[in-house]
Every structure is written in C-alpha cells, then in structure tokens.
Amino acid sequence: MATTSFTKKSLGLETTEPAVTPPPASTTTTSFTKKPKLGAAKSKKREIPEGLWTKCPKCSTMVFDKELDENLKVCPRCQYHFPIVARERIHSLVETCTFEEMNADITSVDILKFTGVASYTNKLADYQKSTGLKDAVITGLCKIGEHRAALGVMDFTFLGGSMGSVVGEKLTRLIEKATEKGLPVIIISTSGGARMYEGMFSLMQMAKTCGALAYHAQAKLPYISVLTHPTTAGVMASYASVGDLIIAEPGAMIGFAGPRVIKDTTQAELPPGFQTAEFLLDHGLIDAIVSRKDMKQQLTEYLSFMTEARKAAVAG
Ligand SMILES: [Zn+2]
C-alpha cells in the first residue's frame, strides 16, 4: 500500500513540473553552453594520448611504445614481431658507425609511363616523401660482430618492398662489391614481389641478382638470406631462396603465390600453418628460425662458422 501511494505522489510531481515558469531565455543559454564545455574538458583528460601505446595484434596487450622500441618492436608478452623499417633494422644489427651506405641516390625511372589510379611517377614521389627513402632497399658495407659484411635490407613501407630495377641494381652492385672484396653477403628480405609498374624490367632483376650471387658463390663466399614478414613472389623466387643459409623471423609469411591463389588452382585444402616460417622449417625450406633479439648474435656466429669453413675450403 505504501509503495503505491509513493508512486502516485511522484507521478503527480512530474505532471506539475512543466507548469513551473521557465527561467529567462538568456540564462538558460549560458548554463547550457557552459556545461558541455566542462564535460568536454573532462573527457579529454581521460583519453589516452595517441602514439604512446600500441595494441599487439596477436595477444591484444597494450604495449608502451617506448618499451616496444627498446624490445626491437617485439611484443614482450607473446613475442609477436611487429614490422620494422630498414634503418631501424640496420641499427639493430651493425656495430655503431660502421655502416657505409652504397648507391644511396639511385632512383627509378618511369620507363613505361605507367598510369593506373595514380601515375608511377607520382607514386614514387609520394613514397619517397613519406618514407624518406629513395627506393625499397638500403645497401652498404658494415661490421657485424668482428666480421666485415655486405648488408642489404629491404623496407616494406616503400611500395610494399617491391623489387624494381633500383632494388635489383643496388643488390647486384652490393653482391659484386662483396665478391670483389671477399666479403660475405647478408640480405634481409621483406617484399610483395616484383614491381608491376616496371613490367619486364622488374622481372629481369630476378636473373640479374641470382647471376651476381652465382659469381659470389664461385668465389666460395657465404651468403645468408634472412626472410622477414612477408617475403613473397618474385623476391622469394630469386635471391631470397638461394642463400647458403636461409633463416627466418618467427611467424613470417613466406611463399610464392598467396594461399588463396594456390587453393583455387590446386582445389586442395591447405594444411594448417601453411606458408609460415615454422611450417617451412619443418619441411626443410629454411634452416633456422631466429628471433629479432637474437639475430645479431646468431648472424655473428654463423659468419664465424662460415668464414672458418671458407678458409678451410680455400686452403684445401
Ligand atoms: Zn603480443
């Protein structure tokens, strides 16, 4: 009974409320404009500032960007390897101040006058501006541990790490320099394949780079190919897969054609983990999986081992 009477009372109050004379219009406006302003200021304070945290796509942990950088862009919780640009990669591998960049200013020519959604010339200019690179690879001579080496590092942020005439030419010159100086070659790949904007000129780079590697091999010099996520198509079908030693980062996608194309062509169910570094290690295509944090140490050890082996081969 008491509850019913209370409800009735409150209902009664509600109905009488609209009858109250509203305050003057000007006062209402002021109070309304003031309130949202205060609210907006409060919500801004609560927001997490952008660019300080990154969500790991594998384990969904929010990782502090500074921590991620210190950890070479590897998730500290699940070891997911985030993409890394070429300059950061070089910095993580070579001894301080030993990297002498080669052919830094070679740029592509839009020989086919290719025009799609945007012209190739415009695309090149845009990517050069956004990445600060001239093309998708940085090459140079350096020191890793106590070893002098020729190092080429691809960058996926420049047109998907695609291999055009500049990537092919810079790597070829690097390999030829290594052959001339008797140095090992290390190429760290990440690529979507040949650069279609350059048509046949990009496909020719596959043969050119492999030709230079053949001369390097004849001189009994070691070549280590490092495959990072993703390494596919024309790059995988040429220099990336002909290393004396082929190593990969954990979880890297490695292959020639994409899984959908293979599935459609073969009409077969693809096995789980198909085209991952782990799957390819099990099936013998690659020799080892090395995490980014161990990469420098491992490369140094491999170089020590292979250089000793070369000395023995040359002496023998
Ligand atoms: Zn993670």
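**Close-up views of a predicted model**

View 1. In soluble globular proteins, nonpolar side chains tend to be buried together.

**View 2. The largest pocket and its lining.** The largest pocket holds about 410 Å³ of space. Its lining is made up of 26 residues, of which His81, Phe82, Pro83, His229 and Arg292 are the closest to the centre. By type, the lining residues divide into 13 nonpolar, seven polar and six charged. Strand 5 (147-154), strand 6 (185-191) and strand 7 (223-232) each supply at least two of the lining residues, and the largest share, three residues, comes from strand 7.

**View 3. Aromatic pairs.** Six aromatic pairs are found in the structure. In one of them, the ring centres of Tyr80 and Phe82 lie 5.0 Å apart with the planes at 80 degrees, so this pair is edge-to-face. Tyr80 is partly exposed, at 25% relative accessibility, whereas Phe82 is buried, at 9%. The rings of Phe274 and Phe279 also form an edge-to-face pair, because their planes stand at 75 degrees, with centres 5.8 Å apart. Here Phe274 is partly exposed, with a relative accessible area of 26%, and Phe279 is buried, with 16%.

Note on methods. Residues are numbered from 1 along each chain as its sequence is written. This is a predicted model: local features need pLDDT of at least 70, side-chain atom pairs count only at pLDDT 80 or more; totals for chains, interfaces and linings use all residues. Side-chain values use heavy atoms; hydrogens and water are left out. On a 1 Å grid over the protein atoms alone, a cavity is a set of points where a 1.4 Å probe fits but cannot get out, and a pocket is an open set with protein on both sides within 12 Å along at least five of seven lines; lining residues have an atom within 4 Å of a point. Grid points are joined across faces, edges and corners, and a volume is the space filled by probe spheres set on the points. Helices (H or I, at least four residues) and strands (E, at least two) are DSSP runs, numbered from the N terminus. Ala, Val, Leu, Ile, Met, Phe, Trp, Tyr, Cys and Pro count as nonpolar, Asp, Glu, Lys and Arg as charged, and the others, Gly among them, as polar. Rings of Phe, Tyr and Trp (its six-membered ring) pair if their centres lie within 6.5 Å; planes under 30 degrees apart count as stacked, over 60 as edge-to-face and the rest as tilted. Buried means under 20% relative accessible area, exposed over 50%, partly exposed in between (1.4 Å probe, protein chains only).
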